[in-house]
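Subject: Handover of a structure

Dear colleague,

Please find the structure below, with its sequence.

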Amino acid sequence: MPVITLTIDEELVSARAGQSILEACRDHEIKIPTLCHLDGLSARGGCRLCLVAVAGSPRLLPACTTAVQENMVVTTSNEKIERYRRMILELTFAERNHTCAVCVSNENCELQTLAAELGMDHVRYDYLNPDLPLDTSHERYGVDHNRCLLCLRCVRVCDEVEGAHTWDVKGRGIKSQVITDLNRPWGASESCTECGKCVEVCPTGALFTKGSAVAEMKKEASFLRRILDGREKRQWRR
Amino acid sequence: MSQVPKKLRLATVWLGGCSGCHMSFLDLDELLIELVEKVDIVYGPLVDTKKFPEEVDICLVEGAVTNVENLELARSIRSNSKLVISFGDCAVTGNVTSMRNRIPVKDLLTAVYHEAQAPIGAESLEVLPALLKKALPLHQAIKVDIYLPGCPPAPERIAAALTALLDNRPVDL
């Protein structure tokens, strides 16, 4: 695969053609915050946290869906980018009801961790406080739309890895909501294999194992790399 | 004779919260003794003062701004305090107090004071301060200088913030 050269944060680095800026950065241990991205799933560019500046582009671009190019000049962090990232987190918190104190994923939440890491200590926007339901019709799992940030990892893992495509999205814009089957209760879903991959990859407390109390829901998405390596590279390891 | 350094004036306030943050403050244990050597606690739930005092240096504010009384007190805090700290998740985000925000105030009061089987009935509505349409995080009512998150903030975190402030260092949580 042809190797190309580009500049990231004033360092000359090499990357493989076809890689995204995010992949190139991770190969060189340059940290970019991400939320909707998960190693093993297709890139979506939905959360916008990985926004970077590319010389010549009038606007910031998501590192996960922008391919590297020869002689590209990328800046992964500056005052403006940091400000935008904090703003994105604030808007995410304002959009639904992320009441950390009573959430199953409190202290084990990717959204909460990112807020702490990026120094987002309060939300300047008005909270929308939408009236959203919980679906606990499934025997083992539940979905709390109050905590969902529409990263769509559940949709992607169910479609791309499990092959069931139980999850999808209804509505548009701010009214979007993840659904099971054709908007039937999860418990009534005929396509769901109950594998639980969606729960493990969910970054917040939106998908949870029933019976978890506050701060008890710990998730582990690393299984994904393991099963994909087995499937794609025939590499089996624990 | 060396002059005794002037003690800082510390106030703590309990708005729309459960007082858990104050409990965590009391969990500072021995540090409380060191603290009172450096500060005068001039206002708080356990201080017998009705009116918010003047010239407060540091004010810890627990709870969301959920009724007109909270709002009035919050404004008084701002105009009389040098440094206002949002103390705990209810002050920082609205947290549990703001979980009522999706319900219209009228329906809320009807459900709690008219329809519920509770020892406190509709008669109490005459003395209760009017609820705001939405419970607000403190910074949406007044300017806030420092945010101290947690439900409640762990005593260690409170101690870190207070000792930094007393030593004139920036608060980094």
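This is a predicted model: local features need pLDDT of at least 70, side-chain atom pairs count only at pLDDT 80 or more; totals for chains, interfaces and linings use all residues.

Strand β5 (residues 81-87) of chain B is joined by 3 bridges to strand β7 (residues 146-148) of chain B, and the two run parallel. Strands, like helices, are DSSP runs numbered from the N terminus, with at least two residues (E) for a strand and at least four (H or I) for a helix; two strands pair if DSSP finds at least two bridges between them. Within this pairing, B:Phe87 has B:Leu148 as its bridge partner in β7(B).

Residues are numbered from 1 along each chain as its sequence is written, while chains are lettered from A and ligands numbered from 1 in the order in which they are written.

Chain B

β5(B) also pairs with strand β3 (residues 56-62) of chain B, through 6 bridges and again in parallel. Here B:Phe87 is the bridge partner of B:Glu62.

Chain B contains 6 helices and 7 strands, which follow one another along the sequence as β-α-α-β-β-β-α-β-α-α-β-β-α. Its C-alpha trace spans about 65 × 30 × 30 Å along the principal axes. Among its contacts with a separation of 6 or more, 81% are between residues 24 or more positions apart; two residues are in contact if their C-beta atoms, placed from the backbone, lie within 7 Å.

Chain A

Chain A is divided into domain 1 (3-77) and domain 2 (84-233), with bounds that come from an automatic or database domain assignment. The C-alpha centres of the two domains lie 25 Å apart. Domain 1 gives 15 residues to the contact between them and domain 2 gives 21. On the domain 1 side, 9 of these residues are nonpolar, 3 polar and 3 charged. In this classification Ala, Val, Leu, Ile, Met, Phe, Trp, Tyr, Cys and Pro are nonpolar, Asp, Glu, Lys and Arg are charged, and the others, Gly among them, are polar.

The largest nonpolar core has 56 residues, and those touching the most other members are A:Ile21, A:Cys50, A:Ala63, A:Cys154, A:Cys198 and A:Leu207. Such a core is a set of buried Ala, Val, Leu, Ile, Met, Phe, Trp, Tyr and Cys residues joined through C-beta atoms within 7 Å. Because domain 1 and domain 2 of chain A both give residues to this core, it lies between them. Another core, of 35 residues, lies apart from it and includes B:Val13, B:Cys21, B:Phe87 and B:Ile158.

Elsewhere in chain A, strand β8 (residues 167-170) and strand β9 (residues 177-180) run antiparallel and are joined by 4 bridges. The two form a hairpin with 6 residues between them, and A:Gly171 in the turn has a positive phi of about 75°. A:Lys170 has A:Gln177 as its bridge partner in β9(A).

Between the chains

Contacts link 15 residues of chain B with 11 residues of chain A. Helix α4 (residues 89-93) of chain B supplies the largest share of the chain B side, 3 residues. By class, that side has 7 nonpolar, 6 polar and 2 charged residues.

With kind regards

Terms used:
A residue is buried if 20 or more other C-beta atoms lie within 10 Å of its own, exposed if 12 or fewer, and partly exposed in between; C-beta atoms are placed from the backbone.
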